Amino acid sequence: MKTASATASAKAAKYLAVLALGLSALGPAQAQSSKIAWLSTERIYNESRLAKLAGDKLAEEFKAREKAMQDLASRLKSASEKLEKELPALGEADRVKRQREYFELDKEFQRRQREFREDLNQRTNEERAVISDKATLIIKQLAQTEGFDIVLQDAVWASPRIDITDKVLAALDKNK
């Protein structure tokens, strides 16, 4: 019995020590006020001069492939219309052959379209990473000079009073 009560007393003492430490830690934290800032990463990725230059660069880079995709889509549509029109008059062997050709063309279109989207997404992410790296340096400098304790991004809502997006955009566009 003596061991069980000694264990309970030890646990209670530990609990009280942890509680006292926690309460003592809260005192200084409540005495200080934190300086918080917020920014919209979407605005950084959409409105900065770097983002617009990256968008133009990607458009130029993928222009030829996009044209090829449009041409293939046009061929697929024409093949579909032609097959639909001629299907009733075709014999069984020709019908199967033409349907197979159409499905192969459709499969090729789907594959190229998927590859196009994947490549475009990858390149977009690469360009955004460059913008993000530059913005992060600017944000860190801004936080140090203006004394922010924390900079948040992508909040559900934030007061315009703590929004530093315009400052970051201006610094990004200046440093370009």
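How many helices and strands make up the secondary structure of the protein? The protein has five helices and two strands, where helices (H or I, at least four residues) and strands (E, at least two) are DSSP runs numbered from the N terminus. This is a predicted model, in which local features need pLDDT of at least 70, side-chain atom pairs count only at pLDDT 80 or more, and totals for chains, interfaces and linings use all residues. Residues are numbered from 1 along each chain as its sequence is written, and side-chain values use heavy atoms, with hydrogens and water left out.

**Fold and surface**
- Starting at the N terminus, the order of elements is α-β-α-α-α-β-α.
- Of contacts (heavy atoms within 4.5 Å) between residues at least 6 apart in sequence, 84% join residues at least 24 apart.
- Buried residues (under 20% relative accessible area, 1.4 Å probe, protein chains only) account for 23% of the 176 residues.
- The accessible surface (Shrake-Rupley method, 1.4 Å probe) is about 13000 Å², and carbon and sulfur atoms contribute 55% of that area.

**Nonpolar cores**
- A nonpolar core is a set of buried Ala, Val, Leu, Ile, Met, Phe, Trp, Tyr and Cys residues joined through side-chain atoms within 4.5 Å.
- The largest such core contains 17 residues, and I44, I131, A135, I164, V168 and L172 have the most contacts inside it.
- Two or more residues of this core come from each of β1 (36-39), α3 (49-86), α4 (92-146) and α5 (165-175).
- Helix α4 supplies the largest share, six residues.
- Apart from neighbours within four places in sequence, A135 contacts I44, V168 and L172.
- A second, separate core has ten residues, including L58, F62, L72 and F109.

Methods
Buried means under 20% relative accessible area, exposed over 50%, partly exposed in between (1.4 Å probe, protein chains only).
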